[in-house]
Amino acid sequence: RQGRMSETNQHHHEHHHHITRALHDRRHGKDSELAEKEAHQKQFKAQVEQMQEQFIEDLGGDLTELEFEIDQAYTLPPISDADLERFNDGHRNEASSVLPPTIGHPAHAAKTDVRRVLLLYNPASGGKQGTKIALKAVEMFHERGVETIAKRLEHRGHAEEILKVIDLTPYDVIGVLGGDGTFHEAVNGMMNRDPQMKKVPLAFIAGGTGNSFSLELQGGIQVGRSIKHIIRGLSCPIDVGLISFPRENGQEELIYSFNSIHWGLASKVNVTAEKLRWMGKAVRYTTATMLELVKGVQTRAKITLETEDKQIIEYDEQFCLVIVNNIMTAAKGMKMAPNALLNDGLFDILLIRSNKTVDLMKVFKDVYQGTHVNSADVEYRQVRAFSIVPYEKSNSSVLSTESDPTLAEELVDIDGELKGGTPFFCRVIPRAIRVII
């Protein structure tokens with residue numbers, strides 16, 4: 001009996017020790033969790049204070065001076081595993097209507113549990129509202145339990161520099177706050193790093209004057225809308241164009257495009273607009289467009305296309321402009337490439353020959369309905385690759401050698417940025433990077 005009592009006492013002692021240890025662990029766990037929350041709150045406050053100071057320094061004013069849309073009422077449908085299966089089954093159906101119209105099937109969609117976001121923000125975007133929008137984004141993420149590490153972009157090309165080398169392992173999503181130009185930098189940074197790290201999705205938070213990509217993927221440009229899309233964590237891979245510019249030393253310059261490429265009149269508008277910076281942005285672009293339309297300059301060029309079925313088509317004639325789109329739209333309401341899909345492995349190209357002002361005006365009027373592609377003045381194709389080799393006016397015949405001195409060097413508009421020059425070659429890399437949709 002004494003042995004049994006001793007054994008019973010031992011069991012009681014072990015049980016008591018177990019309960020005491022469990023209570024200690026639970027208390028310790030709560031203390032650790034509380035300490036972690038306090039550290040996170042402290043980090044959040046320090047980050048906000050630093051950003052506020054930078055904003056006041058940039059603008060010379062207080063945080064109440066500028067306003068922007070938040071769209072708190074915007075809601076998104078939840079995404080289930082069954083939804084993901086339907087998105088990826090190769091057929092568009094009613095359940096996948098939550099996908100943007102320019103995401104084709106199969107969507108190769110994935111869902112990320114978003115806990116930590118790297119936010120790259122351009123303080124100069126949107127009339128110097130970038131820091132203020134970033135502050136609101138950090139606050140909204142914090143309210144929803146998402147940790148944000150905000151990095152201010154200090155100069156042109158900074159986003160590309162950061163994303164080429166930064167360790168992305170701690171992050172679930174990379175938020176890019178700015179315009180199409182800022183996102184262009186981010187895409188180039190991602191494309192110049194280890195392929196495995198390209199799995200971390202990029203998210204566009206509209207903060208610039210050109211936000212066509214955000215409009216296409218999210219249906220709006222309000223910061224609240226973007227934050228909700230990021231937290232939902234639904235992403236798809238999209239195509240990216242690799243543009244190669246040959247150089248005299250036998251090397252080549254490589255630039256990636258996620259949005260659009262313009263040559264001819266379209267890129268000349270940007271060049272002229274840069275000279276009119278003393279005007280307001282909307283006025284100078286309208287003025288530049290009208291000036292170039294009136295000029296109606298044509299350029300002789302050799303253009304080569306590779307179609308979806310690998311057919312090669314060559315042109316050797318006068319063109320006024322060439323517009324290449326990965327996305328469907330060009331500006332708010334303009335259906336520039338009505339058949340475009342972001343993940344079909346193709347870019348949509350429009351060849352416009354006529355330089356008559358009346359023809360060009362009609363084409364641009366019809367763009368809003370997407371009916372311009374039916375015009376006799378527009379040739380619309382979908383391509384896997386293409387090249388543009390323009391020639392100087394003095395050249396009476398198109399010669400095939402790239403070293404010929406009569407080749408024309410003209411600026412090219414890539415994703416809204418004047419970068420690179422003719423001649424150039426572009427091929428589409430299918431499903432190259434992931435983006436939040």
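**Entry 1: H5 against H6.** I looked up how these two helices meet and found that H5 passes H6 in a right-handed crossing. I note here that the model is predicted. I then listed the residues that make the contact: from H5 they are His158, Ala159, Glu160, Leu163 and Lys164, and from H6 they are Thr182, Glu185, Ala186, Asn188, Gly189 and Met190. Sorted by class, I have four nonpolar, four polar and three charged residues in this contact of H5 with H6.

**Entry 2: geometry of the pair.** I took H5 as residues 158-165 and H6 as residues 180-191. Their axes lie 7 Å apart, and the packing angle is about 25°. I therefore record H5 as roughly parallel to H6, since angles under 35 degrees count as such.

**Entry 3: helix H8.** Is H8 enclosed or open to the outside? I checked residues 223-232 and found nine of the ten buried, so the rest of the structure largely encloses this helix. The buried residues of H8 are Val223, Gly224, Arg225, Ser226, Ile227, Lys228, His229, Ile230 and Arg232. I also looked at what follows H8: glycine 233 comes next, with a positive phi near 80°.

**Entry 4: the whole chain.** I read off eleven helices and 16 strands. The chain has 437 residues, and 51% of them are buried. Last, I looked at contacts with a separation of 6 or more: residues 24 or more positions apart account for 72% of them.

Notes
Residues numbered from 1 in each chain as written. Predicted model: local features only at pLDDT ≥ 70, side-chain atom pairs only at ≥ 80, totals over all residues. Heavy atoms only, no water. Axes fitted to C-alpha atoms, helices over the stretch in contact; angles between N-to-C directions. Helix = DSSP H or I, 4+ residues; strand = E, 2+ residues; numbered from the N terminus. Parallel < 35°, antiparallel > 145°, perpendicular 65-115°, else oblique. Left-handed = near helix turned anticlockwise from the far one by under 90°. Contact = heavy atoms within 4.5 Å. Nonpolar A, V, L, I, M, F, W, Y, C, P; charged D, E, K, R; others polar. Buried < 20%, exposed > 50% of the residue type's maximum accessible area, 1.4 Å probe, protein only.
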